[in-house]
Amino acid sequence: MLLIFSRKNGPRLRYTFDLLIRDILGINYKLTTSEEEFVNSSDPKFSYGDQPLGDELFVSAAKLLFEKGIADQELTVFRFENTIAFYGTHPKYTIPFDLFAASFFMVSRYEEYLPHIRDRHDRFSAHESIAYQKGFLKQPVVEIWAVYFKRILLEKFPDLEYQERKYKMISTIDIDNAYAYKEKGLMRIAGGYLRDFSHFNFSQLTERTKVLFGLMKDPYDTYDFQLEIQQKYNLEVIYFFLLAEYGENDKNVPARSKKLQSLIKNLSDYARIGIHPSYASNTNPEFIRSEISK
């Protein structure tokens, strides 16, 4: 058991300790606000706050985990070992930055709640993130910080018990468009032919015709191959099917299609099935609700 002292307690603090210490590092911990309990304990321990109580392992705390609401954060990013860090404290401390505040900032996507320029799809762009701007977008910094902290803990408390994490791969497959040409309805089929003609795309026009007349397999119909790979390598798979009204960015086979329903039922014998929300559901959830209810 790892004992942690903090003069204040709160949901952000507990969430972050749960994530880093319990979930990532596999260490059972207890959080206390009692100085007496902390000082008298012989368990592995560290304190988190403005200043240490004595000569214990200490992490100097930024204000973030004790604040309420959203406020601008002044972040100075600096190189730290083989990665980066921010919420720097003082080099005299064993841990010279508040890795808990930094982790909360990253995993909560705190910066997405601050004013920013949104892209044409009304999304937070990666280019707006501190990770992109400071060059660590492709680094799992929270995991790196957690492993670093574990090393510090084990150096000071070599008998500290922890649970090794076990990993497994789950393959998730989004079905945004179950078939390239089939099951699209007369209007969409006619529109497809018109588009092929207007763009002089005769190879696609020929392919479309062969598929619709049963002379060729639909190029998107790769489900038998997917099942073959799944069974060959004993994979756990989840299929997420787009179920939505037709729109500019939602072009799947209609949810009412019997062939689509049969495909979903067949795949459910070998894999788990989920719903892939539509583009339109972000602003109009009735689009997806109406299809599910049919």
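Colleague: Let's start with E111: is this residue buried or exposed?

Modeller: First off, keep in mind that this is a predicted model. E111 sits in the loop between α3 and α4 (130–133). Buried means under 20% relative accessible area. E111 has a relative accessible area of 8%, so the word for E111 is buried.

Colleague: Which residue forms a salt bridge with E111?

Modeller: Side chains of opposite charge can pair when their charged atoms come close. For E111, the closest N and O atoms of the salt bridge are 2.8 Å apart. The side chains also make a polar contact, listed at 2.8 Å. The partner in the salt bridge is R109.

Colleague: And R109, how does its relative accessibility class it?

Modeller: Anything between the buried limit of 20% and the exposed limit of 50% is called partly exposed. R109 has 25% relative accessibility, so R109 counts as partly exposed.

Colleague: How many salt bridges does a search of the whole structure find?

Modeller: Let's take an example before the total. D119 and R123 meet through their side chains at 2.9 Å, N to O. D119 is partly exposed at 23% relative accessibility, and R123 is partly exposed too, at 47%. Searching the whole structure gives a total of 14.

Colleague: Switching to the inside, which residues touch the most other members of the largest nonpolar core?

Modeller: A residue has to be buried to belong to a nonpolar core. The largest one here has 49 residues. The members with the most contacts to other members are I21, F46, Y48, F100 and W145.

Colleague: What kind of aromatic pair do F86 and W145 make?

Modeller: The structure holds 22 aromatic pairs. A pair of aromatic rings is described by the distance of the centres and the angle of the planes. The ring centres of F86 and W145 are 5.7 Å apart and the planes stand at 80°. Planes over 60 degrees apart get their own label, so this pair is edge-to-face.

Colleague: How many residues apart in sequence are the parts that the pair ties together?

Modeller: F86 is in the loop between β6 (83–85) and α3 (99–107), while W145 is in helix α5. F86 is buried at 0% relative accessibility, and W145 is buried at 1%. Ring pairs also link both of them into a cluster that includes F80, Y87 and Y148. The parts tied together by F86 and W145 are apart in sequence by 59 residues.

Colleague: Which residue has its backbone nitrogen 3.3 Å from a polar atom of the S257 side chain?

Modeller: S257 is in the loop between β8 (236–242) and α9 (258–267). With 7% relative accessibility, S257 counts as buried. The backbone nitrogen at 3.3 Å from its side chain belongs to K259.

Colleague: Last one: how far apart in space are N40 and R188?

Modeller: N40 is in helix α2 (residues 35–40) and is exposed, with a relative accessible area of 57%. In sequence, N40 and R188 are 148 residues apart. Going C-alpha to C-alpha, their distance in space is 75 Å.

Terms used: Residues are numbered from 1 along each chain as its sequence is written. This is a predicted model: local features need pLDDT of at least 70, side-chain atom pairs count only at pLDDT 80 or more; totals for chains, interfaces and linings use all residues. Side-chain values use heavy atoms; hydrogens and water are left out. Helices (H or I, at least four residues) and strands (E, at least two) are DSSP runs, numbered from the N terminus. Buried means under 20% relative accessible area, exposed over 50%, partly exposed in between (1.4 Å probe, protein chains only). A polar contact is a pair of N or O atoms within 3.5 Å; within protein, one must be able to donate a hydrogen and the other to accept it, and residues adjacent in sequence count only if both atoms are side-chain atoms. A nonpolar core is a set of buried Ala, Val, Leu, Ile, Met, Phe, Trp, Tyr and Cys residues joined through side-chain atoms within 4.5 Å. Rings of Phe, Tyr and Trp (its six-membered ring) pair if their centres lie within 6.5 Å; planes under 30 degrees apart count as stacked, over 60 as edge-to-face and the rest as tilted. A salt bridge is a side-chain nitrogen of Lys or Arg within 4 Å of a carboxyl oxygen of Asp or Glu.
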